[in-house]
Amino acid sequence: MASSRTSRRPAITIGKGEHGRLTKLAEAHASKYPDVSDELLQELERARVVDDALVPPDVVHMGSTVCFTSDLGEDRQVTLVFPGEADIAEGKISILTPIGVALIGLKTGQSIDWTARDGRLHRLTVDTVRAPVETGHLL
């Protein structure tokens with residue numbers, strides 16, 4: 001029996017500045033990564049957008065280090081980064097990946113279903129979110 005709950009997505013929150021940067025990023029990469037760019041734009045459209053200073057510390061945003069549990073029982077720790085900073089060996093996951101799009105805007109305790117590039121449906125649950133270490137921002 002198919003579950004009707006798989007299409008329901010949790011509420012997400014994104015800061016206004018980050019929302020603008022991510023919208024531009026998704027639009028700029030739409031021809032190279034059409035599926036993931038479209039998915040990111042859909043997430044940005046449904047997000048609750050707040051002033052950057054009002055984003056709670058337990059919400060995943062760019063540079064956050066996230067510990068989550070997958071539906072396979074695996075515990076993972078990744079840092080959400082822009083495409084040029086991605087390095088899977090260091091646990092740095094690009095926002096322009098299916099899991100990156102799934103994580104953005106979630107808060108501790110939330111779960112989301114996401115489709116991997118191989119077409120398989122997965123579920124992850126955010127266990128902890130650690131804010132990025134401030135090293136200066138590139139605009």
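1. The model is predicted, with local features needing pLDDT of at least 70 and side-chain atom pairs pLDDT 80 or more, while totals for chains, interfaces and linings use all residues. Numbering runs from 1 along each chain as its sequence is written, and side-chain values use heavy atoms, without hydrogens and water.

2. Ser-64 lies in the loop between β2 (48–50) and β3 (strands are DSSP runs of E, at least two residues; helices are runs of H or I, at least four; both are numbered from the N terminus). Leaving aside residues up to four places away in sequence, Ser-64 is in contact with Val-59, Val-78, Thr-79, Leu-80, Val-129, Arg-130 and Pro-132 (heavy atoms within 4.5 Å).

3. Thr-65 belongs to strand β3, residues 65–70. Its relative accessibility is 11%, so Thr-65 also counts as buried.

4. Helix α1 (residues 16–28) packs against helix α2 (residues 34–46) at about 155 degrees, the axes being 9 Å apart (lines fitted to C-alpha atoms over the stretch in contact; angles run from 0 to 180 degrees between N-to-C directions). The pair is therefore roughly antiparallel (over 145 degrees).

5. On the α1 side the contact involves His-19, Leu-22, Thr-23, Ala-26 and Glu-27; on the α2 side, Ser-37, Leu-40, Leu-41 and Leu-44.

Conventions. Buried means under 20% relative accessible area, exposed over 50%, partly exposed in between (1.4 Å probe, protein chains only). Angles under 35 degrees count as roughly parallel, over 145 as roughly antiparallel, 65 to 115 as roughly perpendicular and the rest as oblique.
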